[in-house]
Amino acid sequence: MRENSENFEEAVSIRAADKVFNPDSDNEVQALLGIDLDVKEGDFISLIGPSGCGKSTLLRLIADLLAPTAGQVKVFGKTANQARLDQDYGMVFQHSGLFDWRDVSANIELPLELKGWSKSDRQARSREMLELVRLEEFKDHYPRQLSGGMQQRVSIARALSFEPRLLLMDEPFGALDEMTREHMQVELLRIWRETGTTVVFVTHSIPEAAFLSSKVVVLSPRPGRIHSEITVDLGDRTDQTREDPEFFQATTEVREALRAVEAN
Amino acid sequence: MTKRKALRTAFTVIVTLILFVLLWEGYKWMGQQTEDHWPGTQFGLPVSTDDLTMPHASDIFNELTDEIRAGRETLPMTVYLAKKAAFTFLEAAIGFSLGVIVGLMLAIFMLRWRFAERGFLPWINVSQTVPLIALAPIVVTWARLQGYPDMVGISLIATYLTFFPVAVSGLRGLQSPDSSDVELMRSYAASWSSTLIKLRLPAARPFLFPAFKLAATLSVVGSIVGEISIGTKTGLGRAILDFAQRYAVWPERLYSSVIAASLLGLFVFGLVNAAEWLVIKRGREVLK
């Protein structure tokens, strides 16, 4: 596992970041205010908070899909923009965002195609990725033939296909039913362990955040600020972990932080 | 599956045709009995049923196999109409292709530059309100002055009708991907043109093909109207014009040329359908 890495490098480092939408107009919205956040390489952190707290916006600042109004966002020591151009991260959205007209392998190969990989290299990599997410026999299927959970697995395979060091996930299991969701969480942890990728995970589910993360970042809304950071250490997690007192402890801690946020 | 569907379609078409002929002949027969009145009333029928207004379906059908003198040679009507239709088809095909190219280019242009959408779209809408009859002589005169054959002017008129649905639906289709799909491409640092080719154009196909079908039939209409309004020497439009002038003598002939025009429209529609099947459905059929 990752315990042995002593020279922790910051995967993400955010300083005094603000985000204002529609500045200087009637519908100006202060989405984020004074965000300071560090994500160590190899970490799994969750962003949680009530809707409108700016957790997705924060993820998009890291992804350089949005630019901060003020402050600084660094990814692996570079500007977020440079990191995006270098494709240092892969992204997974709530809706798998697979292209209907491409079969599973072709979807996984999309980022590789854009990077100009040769066909044989792409095919070899997409096979590896399908193995990683355990969907080998579905490579020729089209997205609509797959269940929601399978689609998300393809989406994860696509995001990891070019071996980015950072995986950004925006409520990836939000549209799945509870059982599939728990199964996907275990799968994601396995993939995280096997690949050593750093993960920033947006969710509004308390048990999900507690189960997955090494650190849960709780945001408060309007304007979005970091309310607290809760460190979780559940060790190696399995479905059994959900019945452990430590897990209960962790969810309680996150829940209380969120209550405090709501109360303000 | 598909074969059964095709058979069912063919069956429906034939049954509809038979029903239509029965309705036509039934109405005609009724009118003949009552001297063009609704049975038992003094109210006149909306369309009179004499042989000039409504020739017998069998006469129209027979006309198709009759001989017609065209210049020095004598031809069966079907061959004569097929020759005319082939010429019109060529004009329509050129007009359609140009219309698709122009329409797609406009759609991409409007997608790329927002101001172009605001500035162009109203004019694109206005363009379709200009009566074709007024436009045709202008275009054809211009083409003639440039020394081009009439076909060029006629194809341009067809283009004028076809680019419109392609541009409007094309723009909607190109704008159809979810914002997260666009963000995904951005996360891959994909260029604007890669995003166009890998995401927007494929996503636009379900919007484009209905527009192509409309454009295909419009290209036939545009070609025929173009031929009629400039009095070209060949094409279905010419045949329709000739037969229209002799309608009082041979009403069946005008009807037969109208049937030829509809068949041509159906043919081009079928071609686009086949193209759609090749491009989209074949992949999608797997889904069921």
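Predicted model: local features only at pLDDT ≥ 70, side-chain atom pairs only at ≥ 80, totals over all residues.
## Chain A: overall build

Chain A holds 8 helices and 10 strands. Its C-alpha trace spans about 55 × 45 × 40 Å along the principal axes. The radius of gyration is 18 Å. A compact globule of 264 residues would have a value near 18 Å, so chain A agrees with that expectation.

Buried residues make up 44% of the 264 residues in chain A.

## The six-stranded sheet of chain A

Chain A contains an open sheet of 6 strands. The strand order is 6-7-8-3-9-10, and the pairing is mixed. Strand 6 (89-92) and strand 10 (225-231) of chain A form the edges, each pairing on one side only. On average, neighbouring strands of this sheet are turned by 20 degrees against each other, direction ignored.

Inside the sheet, strand 3 (residues 44-48) and strand 8 (residues 198-203) of chain A run parallel. They are joined by 5 bridges. Ile48(A) has Thr203(A), in strand 8 of chain A, as its bridge partner.

Helix 5 (residues 148-160) of chain A packs on the sheet. This helix touches strand 6 and strand 7 (166-170) of chain A. The direction of helix 5 makes about 165 degrees with that of strand 6 of chain A.

## Chain B: overall build

Chain B has 10 helices and 2 strands. Along the sequence the pattern reads α-α-β-β-α-α-α-α-α-α-α-α.

The C-alpha trace of chain B spans about 75 × 55 × 40 Å along its principal axes. Of the 288 residues in chain B, 34% are buried. Residues 24 or more positions apart supply 70% of the contacts in chain B with a separation of 6 or more.

## Where the chains meet

The contact between the chains takes 17 residues from chain A and 15 residues from chain B. On the side of chain B that touches chain A, the elements giving two or more residues are helix 7 (179-187) and helix 8 (192-230) of chain B. Helix 7 of chain B gives the most, with 6 residues.

By class, this side of chain B has 7 nonpolar, 4 polar and 4 charged residues.

Methods
Residues numbered from 1 in each chain as written. Chains lettered and ligands numbered in written order. Pairing = 2+ DSSP bridges. Helix = DSSP H or I, 4+ residues; strand = E, 2+ residues; numbered from the N terminus. Axes fitted to C-alpha atoms, helices over the stretch in contact; angles between N-to-C directions. Contact = placed C-beta atoms within 7 Å. Nonpolar A, V, L, I, M, F, W, Y, C, P; charged D, E, K, R; others polar. Rg over C-alpha atoms; globule rule 2.2 N^0.38 Å. Buried ≥ 20, exposed ≤ 12 C-beta atoms within 10 Å, placed from the backbone.
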